[in-house]
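Please look over the sequence and the model first.

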Amino acid sequence: MSCIIIILIPTDFRVGNSNFLSDDIWDFKGFIPDVGGSPAYYQIRMTNIKHPEIKHTVKKYLVFDLTEGKFNTTKRNYEGFCNFIDYLDEFFPAISSLTQVNHIIISGYFQHLLTRKSKKTGKALSRTGLFKGAQMLKDILLEGSKRGWEVPENVTWVRTLYQEMIQDTPRTDNNRDTPPKGIPKDEATIKKILDSARNETDIYTKADVIIQSQCGMRIGAVLSLKAGCMSKDKNGNWMIDTIARKTEKNQIKRKKPAHQIVKDVIDELERATAKLRKESGLPYLFIYREAVKGVKTKEELEIRVFDKRNWNRDKIKPFVSRWDIQENGELIEITSHTFRHIFVTYALKGGMRLESVMDILDHRSRIMTGTYAHLTAKDVKEKMGQIFAPISILGTLYSRL
């Protein structure tokens, strides 16, 4: 089991491979699971924070967050907080300490998030983007006020402000009755996605779409799959070995239900990557040769595990375009997470108990699972009372398409 090591020293202390005070790039290579990503994957970079006092406060919070949770979560929280740093640089460049922020500045920032456009898509921030942009700022003020950090002494107002301006806005409402943008509304679209996946020539894309839609796994778990991950339980049912990372502080190995369709695509992927695994010594299935500038021969290229951060750009968007998957006359804007939504929605519609779906998805909340499935409160209540159905319900659906 890997963990982040923080070693206290009188004048400074180690955070991973770096120093708290003197380093503005904290490196955790070797302290978190190695997924074969680029060096930046294992780093938290604070070089964009100009003012030393703000940076020092941010570092305090990051240490607190790292000891309370996981590296990936802390890094995502910080990436969201960088929106606030950009906001200060643009509108309040004279602010050199978080003690100078107040209700007006924070409310202005939250309003800025609601109108801000994503640098990647050029469109309004998603529900997740809004939460990422606001949550760490709220937490750093509330936690800092309790611990005597360089923040305003009285920040009780920030909790209410966050609730009113971020949590209670229609764009972040968990109880919506209609699917958000990017989730197929028509079963014919889902049929085309699955049919296209079965005929897809890129084995990595094919495997991802099938595994996520049939097993409900997160993209990070899919890309972490290793050769030999399929096995049968005592009843002869196929199971897939995976790791639950997001909802637990430590990695937990899980065996999750699968079926023959998943077994077939895993076998195909194992055959396709056998040479790369033998050459690199990596056990992972989703590995490839990365193009490196100046390298002339294929054999000299570095073998890496796919990075989930570029997966939608490099695999899912081309897949949608290649197979011309449309709704309402336009290419549908889906991500790898869409296939997880598809699994939940159709597992519940097919009769699987909500508690069973929660367990497969590693969810702790019925509300979260209901949100994934985009069910109304009535739907959730009905599903909670249904009798357990066969675990391969999506396999049955898939074979009918």
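## Basis of the model

The model is predicted: local features need pLDDT of at least 70, side-chain atom pairs count only at pLDDT 80 or more, and totals for chains, interfaces and linings use all residues. Residues are numbered from 1 along each chain as its sequence is written, and side-chain values use heavy atoms, with hydrogens and water left out.

Helices (H or I, at least four residues) and strands (E, at least two) are DSSP runs, numbered from the N terminus.

## Helix 3 and its surroundings

Helix 3 spans residues 103-115, which is 13 residues. From its first C-alpha to its last it reaches 19 Å, close to the 18 Å expected at 1.5 Å a residue; the expected span is 1.5 Å times one less than the number of residues. At the N-terminal end, helix 3 is capped by asparagine 102, with a side-chain oxygen 3.1 Å from the backbone nitrogen of isoleucine 104. A polar contact is a pair of N or O atoms within 3.5 Å; within protein, one must be able to donate a hydrogen and the other to accept it, and residues adjacent in sequence count only if both atoms are side-chain atoms.

Buried residues of helix 3 include Ile105, Tyr109, Phe110 and Leu113. Buried means under 20% relative accessible area, exposed over 50%, and partly exposed in between (1.4 Å probe, protein chains only). The buried residues of helix 3 pack against helix 2 (71-91), helix 4 (127-147) and helix 5 (157-167). Asparagine 83 is in helix 2, and counts as buried because its relative accessibility is 15%. Leaving aside neighbours within four places in sequence, asparagine 83 is in contact (heavy atoms within 4.5 Å) with Tyr109, Leu113, Arg116 and Gly133.

## Helices 7 and 10

Helix 7 (residues 203-215) and helix 10 (residues 311-322) pack at about 90°, with axes 10 Å apart. The two helices are therefore roughly perpendicular, a term for angles of 65 to 115 degrees. Axes are lines fitted to C-alpha atoms, for helices over the stretch in contact, and angles run from 0 to 180 degrees between N-to-C directions.

## Two loop residues with positive phi

Aspartate 324 lies in the loop between helix 10 and strand 11 (326-327). Its phi is positive, about 50°, although aspartate 324 is not a glycine. Aspartate 324 counts as partly exposed because its relative accessibility is 39%.

Asparagine 328 sits in the loop between strand 11 and strand 12 (330-331). Its phi is also positive, near 60°, in a residue other than glycine. Asparagine 328 is exposed, at a relative accessible area of 77%.

Methods
Parallel < 35°, antiparallel > 145°, perpendicular 65-115°, else oblique.
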